[in-house]
Number of protein chains: 2
Amino acid sequence: MKPKSKNIFWEHGNVSREDREQVNAHRGATIWFTGLSGSGKSTLARLMESALFARRCQTYVLDGDNVRHGLNRDLGFSPEDRTENIRRIGEVARLFTENGSIVLTAFISPYRADRDMVRGLMRATDFIEVHVDCALEVCEQRDPKGLYRKARAGEILEFTGISAPYEKPLSAEITLHTDGNTPEECIDQLIDYLEANGYLTQLPETAEV
Amino acid sequence: MKPKSKNIFWEHGNVSREDREQVNAHRGATIWFTGLSGSGKSTLARLMESALFARRCQTYVLDGDNVRHGLNRDLGFSPEDRTENIRRIGEVARLFTENGSIVLTAFISPYRADRDMVRGLMRATDFIEVHVDCALEVCEQRDPKGLYRKARAGEILEFTGISAPYEKPLSAEITLHTDGNTPEECIDQLIDYLEANGYLTQLPETAEV
């Protein structure tokens, strides 16, 4: 007689999103930071990741660094390609979210239609739009990558805030003012939002697997 | 004086892949199942997910269900689109792997060049090619989706194994024979492989975060 499998399987068979969320002790979600260049999206995404990791949450940061040279390497900067860029980012965010992770994205994403498209890919409560609000003058003064200078000199065309529009969110889940608060204060506000809305529910460790 | 942040941040700042792997107590990797239609790829991927979840590993199953209608909805079945389909799947697998998850993919992926392209996206030890080896006659007898019948009737053109080639892996990390072993036995072999090669290192819970 052949031996039975040495391995224990998850008693309910297929692993569901809810199973993962119970073990992770938090819900999956996409926290979509949107705002001008220099407003602090990447800084907040990384700091938030750090705060969530300290709480043992499963997180994932999606930004230009990990998609432009990989998944979206075939895309340029035409209007169609920009939309396709955001669409694929949204689809990847959805996959991670449905797998129970808290996704943190950091893209200017200046158009409402694009952001709403991503929102439409997910369950209503999965998408948390965070308006990283910072006065243009402050962003331009920071100019961490020297992009505003180039845009003013006409070396970059269609630069958001200078020569291309930024469409502010009309009903973001939360707005963070990075020109009046420290990054840490913004993170406190965002964590408060997640806690108040049940995303960080600390389930008791009852999941006997 | 403004209060300091209420939140604790991860003491090392940016969260690295190694940080996640230590907390997860296993390594990130992509387990790439390849084989004929009906060979058992999806069954093994789901069963493996269940076995790994029971060990509290972070896993992710990528199969036709979650990419064809989402990320790859713009792709058809031309040779170029098939290659782009596998490329994007590989890129998504890489993102999850670098985030510390064990990814389980279930695609026929009949061409060596495509599988090697995905392998080339990752660190050498990140990609575990699993040849799900099953005699064509057995696959055709199972025919869970009735596809072989349609292919024999000429209703499906270029069907792998019937009217299109399947290029067997030349140096898969592991070969599972699903025509001579139960799925559970195959999972045992695969878990043994992961354990023997240090993927499931059970680190002590020392990571004080």
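The structure is a predicted model. For the complex, the predictor gives an ipTM of 0.90 and a pTM of 0.91. Chain A has a mean pLDDT of 92, with 94% of its residues at 70 or more. Residues 204-209 of chain A, however, have a pLDDT below 50, and beyond near neighbours in sequence this stretch has six contacts in the model. Where pLDDT is low, the predicted coordinates should not be read in detail.

We turn next to the sheet of chain A. Its five strands form an open sheet in the order 2-3-1-4-5, with parallel pairing. Strand 2 (59-63) and strand 5 (174-177) of chain A stand at the edges; each has a single partner strand, so one side of each is left without a neighbour in the sheet. From one strand to the next, the twist averages 20°.

What holds strands together in such an arrangement? Strands of a sheet pair through backbone hydrogen bonds, either parallel or antiparallel. In chain A, strand 1 (residues 29-34) and strand 3 (residues 102-106) run parallel and are joined by five bridges. Within this part of the sheet, A:W32 has A:T105, in strand 3 of chain A, as its bridge partner.

Helices lie across these strands. Helix 2 (residues 41-54) of chain A lies across strand 1, strand 2, strand 3, strand 4 (127-133) and strand 5 of chain A, and runs at about 170° to strand 2 of chain A. Helix 4 (residues 79-98) of chain A lies across strand 1, strand 2 and strand 3 of chain A, running at about 160° to strand 3 of chain A.

The final topic is the contact between the chains. Chain B contributes 36 residues to this contact, and chain A contributes 36 residues. On the side of chain B that touches chain A, the elements giving two or more residues are helix 1 (17-24), helix 2 (41-54), helix 4 (79-98) and helix 8 (183-196) of chain B. Helix 2 of chain B supplies the largest share, seven residues. By class, this side of chain B has 16 nonpolar, nine polar and eleven charged residues.

Definitions and conventions. Residues are numbered from 1 along each chain as its sequence is written. Chains are lettered from A and ligands numbered from 1 in the order in which they are written. This is a predicted model: local features need pLDDT of at least 70, side-chain atom pairs count only at pLDDT 80 or more; totals for chains, interfaces and linings use all residues. Two strands pair if DSSP finds at least two bridges between them. Helices (H or I, at least four residues) and strands (E, at least two) are DSSP runs, numbered from the N terminus. Axes are lines fitted to C-alpha atoms, for helices over the stretch in contact, and angles run from 0 to 180 degrees between N-to-C directions. Two residues are in contact if their C-beta atoms, placed from the backbone, lie within 7 Å. Ala, Val, Leu, Ile, Met, Phe, Trp, Tyr, Cys and Pro count as nonpolar, Asp, Glu, Lys and Arg as charged, and the others, Gly among them, as polar. pLDDT is the predictor's confidence in each residue, from 0 to 100.
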